[in-house]
Amino acid sequence: MEGLKNMMEDNVEHTLNQLLPTMPNVCSCDDCKLDMATYALNRLQPKYARTAKGIVMHRFDTASSQVEAEILTAVVSAITIIGSHPHHPPLNTANAEQASSDNDSAPSEQVPADSNTAE
């Protein structure tokens, strides 16, 4: 719906953008970032707003250390899970050559980003 926004999306995106540059061994392509955001958002309570006042109230609500810790925990979990099971072949050339020679083997099990399973 137009004018309706889950404000947690902004919080998760901000946290991902802060953490991923500190983790050079984790893929941060757009697909992986979207998978990570999806994974984290499915584990956080949504906070919807549709007015400027609602947005300000959300920022006030998420300023608590408890909410910040919940967001950080969900994002770190998403980075860990999606980073170790990206939905694409490895992007560096050494791993890409290995992956192409392994095409005849069974595909590895991947965790869907939108799953709601508990860790």
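1. Helices (H or I, at least four residues) and strands (E, at least two) are taken here as DSSP runs and numbered from the N terminus. On that basis the chain has five helices and two strands, and along the sequence these follow the pattern β-α-α-β-α-α-α.

2. The basis of the values should be kept in mind: this is a predicted model, in which local features need pLDDT of at least 70 and side-chain atom pairs count only at pLDDT 80 or more, whereas totals for chains, interfaces and linings use all residues. Residues are numbered from 1 along each chain as its sequence is written, and side-chain values use heavy atoms, with hydrogens and water left out.

3. With buried meaning under 20% relative accessible area, exposed over 50% and partly exposed in between (1.4 Å probe, protein chains only), buried residues make up 25% of the 119 residues in the chain.

4. Helix α2 (residues 30–41) packs with helix α4 (residues 65–84) at an angle of about 130 degrees, their axes being 8 Å apart. The axes are lines fitted to C-alpha atoms, for helices over the stretch in contact, and angles run from 0 to 180 degrees between N-to-C directions. Angles under 35 degrees count as roughly parallel, over 145 as roughly antiparallel, 65 to 115 as roughly perpendicular and the rest as oblique; α2 and α4 are therefore oblique to each other.

5. A salt bridge requires a side-chain nitrogen of Lys or Arg within 4 Å of a carboxyl oxygen of Asp or Glu, and by this rule the count comes to two. Lys5 pairs with Glu9, the closest N and O atoms lying 3.3 Å apart, and Lys5 also meets Asp10 in a salt bridge at 3.4 Å, N to O.

6. Which residue lies over the face of Tyr39? Arg43 does, at 3.5 Å from the ring centre, where a charge is taken to sit over a ring if NZ of Lys or CZ of Arg is within 6 Å of the ring centre and within 35 degrees of the ring normal.
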